Amino acid sequence: MKVVVCIKQVPDTKGGVSFNPDGTLNRAAMLAIMNPDDKAGLEAALRLKDQYGAEVTVLTMGLPKAADVLREALAMGADKAVLVTDRVLGGADTWATSTTIAGALRNLEYDLVITGRQAIDGDTAQVGPQIAEHLGLPVISYAQDIKVEGNKVVVERLYDDRYHVLEAQMPCLITALAELNAPRYMTPGGIFDAVSAEITTWGRADLKDVEDGNLGLNGSPTKIAKASDKVRKGAGEKVTPDSPDEAVSYIIGKLDEKHVI
């Protein structure tokens, strides 16, 4: 079994965020981590490796420093790593990103593609399903449990206050929730090996069946009108009721005024 896990290096928002003049994130200026949902997807793939001897390849698109999360994945137990990086790919929205990743995946053999549900920097949950659409793959999203039975996957898909059990023939794509599992730590030996491990690097020329007009900022139909790191809030209204009954009446009045009740 061959499993490809799409991971993303995202800003560590605890250290603050920075923007370019065009409204896109200045990723080079921020501390970065592996996206949590993607790490859960990686752990799911590594468990398939432990159970079935699956070969796990990690793939990311980003700046050259995105190789850091690939080495983290290798230190956790992944077998191969691919970095897709090129200046023409910068500023991509979800459409351009999924187009790029699909173009890279066409170079690889896979039975299963796993992505995170969504990235904490965009929170769109669009890239995984879009990749599946580009590649003509069945997709099961919001996976909270994954099992393999022969040539099919059986997935518990989270849905409101319950879950659906869905089956799909491989090859297929699954998007994973952070709640899917508890990702393992890197091992000392894994870290040592990952430092010197070879990372395959691809650029625009290596993408298959992709048009230039669908790549990067120029190929992104989504345009950012305005971006800011914090939303400033007013001081609010302070009241000092004389009794609990008066406080309750005031709160109910405000809720009614805002059409909450």
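Is D79 buried, partly exposed or exposed, and what is its relative accessibility? At 35% relative accessibility, D79 counts as partly exposed, where buried means under 20% relative accessible area, exposed means over 50%, and partly exposed lies in between (1.4 Å probe, protein chains only). The structure is a predicted model, in which local features need pLDDT of at least 70 and side-chain atom pairs count only at pLDDT 80 or more, while totals for chains, interfaces and linings use all residues. Residues are numbered from 1 along each chain as its sequence is written, and side-chain values use heavy atoms, with hydrogens and water left out.

**Figure 1. An overview of the protein with its 6 helices and 11 strands.** Helices (H or I, at least four residues) and strands (E, at least two) are DSSP runs, numbered from the N terminus. The C-alpha trace spans about 70 × 45 × 40 Å along its principal axes, and buried residues make up 39% of the 261 residues. Among the contacts with a separation of 6 or more, 70% are accounted for by residues 24 or more positions apart, a contact being heavy atoms within 4.5 Å.

**Figure 2. The salt bridge between K49 and D79.** A salt bridge is a side-chain nitrogen of Lys or Arg within 4 Å of a carboxyl oxygen of Asp or Glu, and in this pair the closest N and O atoms are 2.8 Å apart. The pair links distant parts of the chain, with K49 in helix α1 (residues 36-52) and D79 in the loop between α2 (67-76) and β5 (80-84), 30 residues apart. K49 counts as partly exposed, at 26% relative accessibility.

**Figure 3. The salt bridge between E55 and K2.** A search of the whole structure finds 14 salt bridges. In the one formed by E55 and K2, the closest N and O atoms are 3.3 Å apart. This pair, too, links distant parts of the chain, since E55 is in strand β4 (residues 55-61) and K2 is in strand β1 (residues 2-6), 53 residues apart. E55 is partly exposed at 24% relative accessibility, and K2 is partly exposed with a relative accessible area of 28%.

**Figure 4. The salt bridge between E167 and K152.** The side chains of E167 and K152 meet with an N to O distance of 3.1 Å. E167 lies in strand β9 (residues 162-169) and K152 in strand β8 (residues 152-159), so the pair ties together parts that are 15 residues apart in sequence. E167 counts as exposed, at 52% relative accessibility, whereas K152 is partly exposed, with a relative accessible area of 22%. Elsewhere, salt bridges that share partners join E43, R47, D50 and R184 into one network.

Figure 5. A disulfide is counted as a pair of cysteine sulfur atoms within 2.5 Å. The cysteine sulfur closest to that of C6 is in C172, and because the two are 13 Å apart, they are too far for a bond. Both residues are buried, C6 with a relative accessible area of 7% and C172 at 1% relative accessibility.

**Figure 6. Helix α4 (residues 127-135) and its buried residues.** These buried residues are G128, Q130, I131, A132 and L135. They pack against β1, α3 (94-105), β6 (112-116), β7 (139-149) and β10 (172-176). The helix is followed by G136, whose phi is positive, near 70°.

**Figure 7. A125 and Y142, with the contacts of A125.** A125 lies in the loop between β6 and α4. Not counting residues up to four places away in sequence, A125 touches R117, Q118 and Y142. Y142, which is placed in strand β7, has a positive phi of about 55° although it is not a glycine. Y142 is partly exposed, with a relative accessible area of 29%.

Figure 8. D209 is exposed, with a relative accessible area of 69%.
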